[in-house]
Amino acid sequence: MPPRQRWPEAQIRGWLRDKQFHPRYLAFFDRDPERIIPVGDTLLAPADGLVTSADCRDGTRYIVIALSFWDMHVQRSPVAGRVMAVERLGASYTDGEGREFTFLREKNCPVQTRTVLDSVIGPVAVRQITSLAARRIETWVAPGADVERGQRIGRIRLGSTVVLEVPASLPCRVRCGARVRAGESPLVAMREEGN
């Protein structure tokens, strides 16, 4: 394909229907380059993509990262910690919380996996979100596992949104419209201002 051209949607839908994808298409989605994890007291981006919002609600900040076809689709842990839960949520999730969150309203029947980590700053969660049609989320960690900052934790094979949930009291270090890289880009300071 020419550079940066969108893959034809009708072709992708045909592949979904027939469960047969062009091997070069999947090879591109499955790429997983090494990353240099920076030293510092910040939470890192869990995904490659474009930051579309960083809204706060009820003491939690939701940093939404939109992935395009051209972004790498492996997710990484933003912080070191222990996996508390891996919640797999299907289309029915839109009946409650989904109507309240823009990042879920934009999806047609969202399917998600929400991985919750216990860290030095308290609970942190990474949501991998895709549509009901794609619903190909891989999670490579399980409850009770210890993870390192920047460690690979999963992949959305055909998805397009990752959300980082952090305490709203921590200073946000990224602006809407910024492009970020999983395991490399700092998003949130791990200490409140003045501490």
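I will start with the whole chain, then move to one residue and the strands around that residue.

What you see is a predicted model. The protein chain has 195 residues, and 49% of them are buried. Its secondary structure comes to 3 helices and 13 strands. On contacts, take the pairs of residues at least 6 apart in sequence: 69% of those contacts join residues at least 24 apart.

Now the residue I picked, Gln75. It is found in strand β4, which covers residues 74-76. Is Gln75 buried or exposed? The relative accessibility of Gln75 is 0%, and buried means under 20%, so Gln75 counts as buried.

What does Gln75 touch, if we leave out residues up to four places away in sequence? The list includes Pro46, Ala47 and Leu67, then Gln128, and a run from Gln151 through Arg152, Ile153, Gly154 and Arg155 to Ile156. Val162 is also on the list. For a C-alpha distance, take Val126, which is 51 residues away from Gln75 along the chain: the two C-alpha atoms are separated by 8.9 Å.

The backbone nitrogen of Ile156 is 3.3 Å from a polar atom of the Gln75 side chain.

Next, the sheet. Strands of a sheet pair through backbone hydrogen bonds, in a parallel or antiparallel way. Here 3 strands form an open sheet, in the order β4-β10-β8, with antiparallel pairing. β4 and β8, the latter being residues 137-139, are the edge strands, and each pairs on one side only. From one strand to the next, the twist averages 20°.

β4 pairs with β10, residues 152-156, over 3 bridges in the antiparallel sense. Within that pairing, Val74 stands opposite Arg155.

Last, strand β5, residues 81-89. Which strands does β5 pair with? One is β6, residues 111-119, joined to β5 by 7 bridges and running antiparallel. In that pair, Val83 has Leu117 as its bridge partner. Another is β9, residues 146-147, which pairs with β5 over 2 bridges, again antiparallel. There, Gly81 is bridged to Val147.

That is the end of my part.

Key:
Residues are numbered from 1 along each chain as its sequence is written. This is a predicted model: local features need pLDDT of at least 70, side-chain atom pairs count only at pLDDT 80 or more; totals for chains, interfaces and linings use all residues. Side-chain values use heavy atoms; hydrogens and water are left out. Helices (H or I, at least four residues) and strands (E, at least two) are DSSP runs, numbered from the N terminus. Buried means under 20% relative accessible area, exposed over 50%, partly exposed in between (1.4 Å probe, protein chains only). Contact means heavy atoms within 4.5 Å. A polar contact is a pair of N or O atoms within 3.5 Å; within protein, one must be able to donate a hydrogen and the other to accept it, and residues adjacent in sequence count only if both atoms are side-chain atoms. Two strands pair if DSSP finds at least two bridges between them. Axes are lines fitted to C-alpha atoms, for helices over the stretch in contact, and angles run from 0 to 180 degrees between N-to-C directions.
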